[in-house]
Amino acid sequence: MERREKIAKARRLVVKIGSALLTNDGRGLDVERIGLWVEQIAQLRKQGKEVVLVSSGSIAAGMKRLGFSSRPTQVNELQAAAAVGQMELVGVYESHFEKHGLCTAQILLTHDDLSNRRRYLNARSSLRTLLSLGAVPIVNENDTVVTDEIRFGDNDTLGALVANLVEADAMIILTDQQGLFDKNPRDHVDATLISHVSATDERLESMASGGAGLLGSGGMLTKVRAARLAARSGADTLIASGREESVILRVASGEHVGTWLQPEHGRLAARKQWLAGQLKSRGTLVLDDGAVKALRKGSTSLLAVGVKDAQGSFSRGDMVLCLDGQGALVARGLINYTVAETLKLLGRPSSDILSVLGYESEPELINRDDLVII
Ligand SMILES: Nc1ncnc2c1ncn2[C@@H]1O[C@H](COP(=O)(O)OP(=O)(O)O)[C@@H](O)[C@H]1O
Ligand SMILES: N[C@@H](CCC(=O)OP(=O)(O)O)C(=O)O
C-alpha cells in the first residue's frame, strides 16, 4: 500500500503522549518506554523535522511518589501531585534527550495563556524560538494553578491548541489503543479500526463516545475533537498505539499505522479562512512600493522599513490592513507592535527596533505566517 505522502512530508510535528501510556497503567513513570519514544523523536530531529512534545503524566507520577493509592479527588491534592510529578516527568525526559545531544524546555500552559491574544503571541514566540534554537519543548497543562472552570482537562485539547499555535503540519496522538475504532474496543470485540477519515466527519463523535481508560481523562472523544481543532489550522492528526514498535517513526514516515484524521483545508487555506473570518481590522498601514512588491512576490514578512504610515488603535496581535500608496488593499495580517510603537518604527530597519523602543518583540512588524496577501 502506498505511503501517506502528505504525512511523510510534514516538517513540524506535535507528539502527544497520554497518561495511561506514560505511567504503564498507573505503575509510576515507564522510564524505559519514555526512552524509546525519545530515541524516535531524536531520530526525527536528525531528519530535519521539528517536534513539540505534549506530555501528560504529572498527576499520575506524583500520585505514586506521594503514596496515593488512588487518584485524589480534592483539587489541592491533585495540584500537589501534579507539582511533584511534573518534576519527575521533565527530569526523565531531560536525561533521555541529553543522551542524544538534545536539550529540552518545559512549557506549562493554562487556558488563559492561549485565550488572551498577547499571551498567546508570547507563548507562540517562545515556542518558535525554542524550535529554531533546536530545543525540544515539552508542554503540559499548568495543573497547580488552574481551577476547574479554566482547565483544558485533557491534553488532547492542549495538543491541538499547541498545533494551532506553532502551525504544525501534523499532530501524533499516542494512546493505549491502535487508533480510533468504530466503537470502544474495550467493550466490543468486533470493533474495527478506522484507517483514514475526515476530521470533520459527523460520525466521529458517536464512534468515540465510549469513555476513557482508568487513567486517561478524555478518551477518544477528546481526541476526535482535538483533531477537529487541529484541522482549523490545517494540521493532520494521527492516533496510534504508543506501545507499537517505532510507532512515532513509522507514523511520521507515512506508514499506514493507526488512524489518520485529515483536515478539510490545507494550512494556507485554513489560515486565510481564519484570518478572514475571525477578526475585525483595528488599523491600517501604508506600504512603500518596495514592500508592496515584496509582499506580492510572496513568502516574506512585512518589515517596518517598508511602512510609511500607520493609523488606527491597534495593539500587539490585532489585525491590520496593509494598503499601497494609492489606498488599494494589498494584505491583511496580525501585527506584532502597537500603533504607538509602529509609528516610531516607520521606515526604520529591524536592527533599529531595540534602540528605538528599548526592547524587541519580533524583528518584523507582521510575520509572514500571519499575513494573507489579497
Ligand atoms: N471508538 C474508540 N476507539 C478507540 N478507543 C476508544 C473508543 N471509544 C472509547 N475509547 C477509549 O479511549 C481510551 C483512550 O483514551 P484515554 O484513556 O483518555 O487515554 P490517554 O491517556 O492516552 O489520553 C481507550 O483505552 C478506549 O477505552
Ligand atoms: N495535565 C495532566 C494530564 C491530564 C490527562 O490525563 O490527560 P490525558 O492523558 O491526555 O487524558 C497530567 O499531566 O497529569
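Is Thr 175 buried or exposed, and how many other C-beta atoms lie within 10 Å? In this predicted model, local features need a pLDDT of at least 70 and side-chain atom pairs count only at pLDDT 80 or more, whereas totals for chains, interfaces and linings use all residues. Residues are numbered from 1 along each chain as its sequence is written, and chains are lettered from A and ligands numbered from 1 in the order in which they are written. The chain averages a pLDDT of 90, with 93% of the residues scoring at least 70, where pLDDT is the predictor's confidence in each residue, from 0 to 100. For the complex, the predictor gives an ipTM of 0.96 and a pTM of 0.83.

Thr 175 is buried, with 27 other C-beta atoms within 10 Å; a residue counts as buried if 20 or more other C-beta atoms, placed from the backbone, lie within 10 Å of its own, as exposed if 12 or fewer do, and as partly exposed in between. Thr 175 is found in strand β5 (residues 170-175), strands being DSSP runs of E of at least two residues and helices runs of H or I of at least four, numbered from the N terminus. Leaving aside residues up to four places away in sequence, Thr 175 touches Gly 18, Ala 20, Leu 21, Ile 239, Ser 241 and Gly 242, a contact being a pair of C-beta atoms, placed from the backbone, within 7 Å. The "binding site" annotation of the unreviewed UniProt entry includes Thr 175 and Lys 223, although such annotations may be inferred rather than shown by experiment. Lys 223 is found in helix α10 (residues 219-231) and is buried, with 31 other C-beta atoms within 10 Å.

Helix α8 (residues 155-166) has 12 residues and reaches 16 Å from its first C-alpha to its last, close to the 16 Å expected, that is, 1.5 Å times one less than its number of residues. Because 12 of the 12 residues of α8 are buried, this helix is largely enclosed by the rest of the structure. Just after α8, Glu 167 takes a positive phi of about 50 degrees.

In helix α3 (residues 31-46), Ile 34, Trp 37, Val 38, Ile 41 and Leu 44 are buried. These residues cover an arc of only 110 degrees around the axis, which puts them on the same side of α3; the arc is that of the directions from the helix axis to the C-beta atoms. On the other side of α3, Glu 32 and Lys 46 are exposed.

Technical notes:
Contact = placed C-beta atoms within 7 Å.
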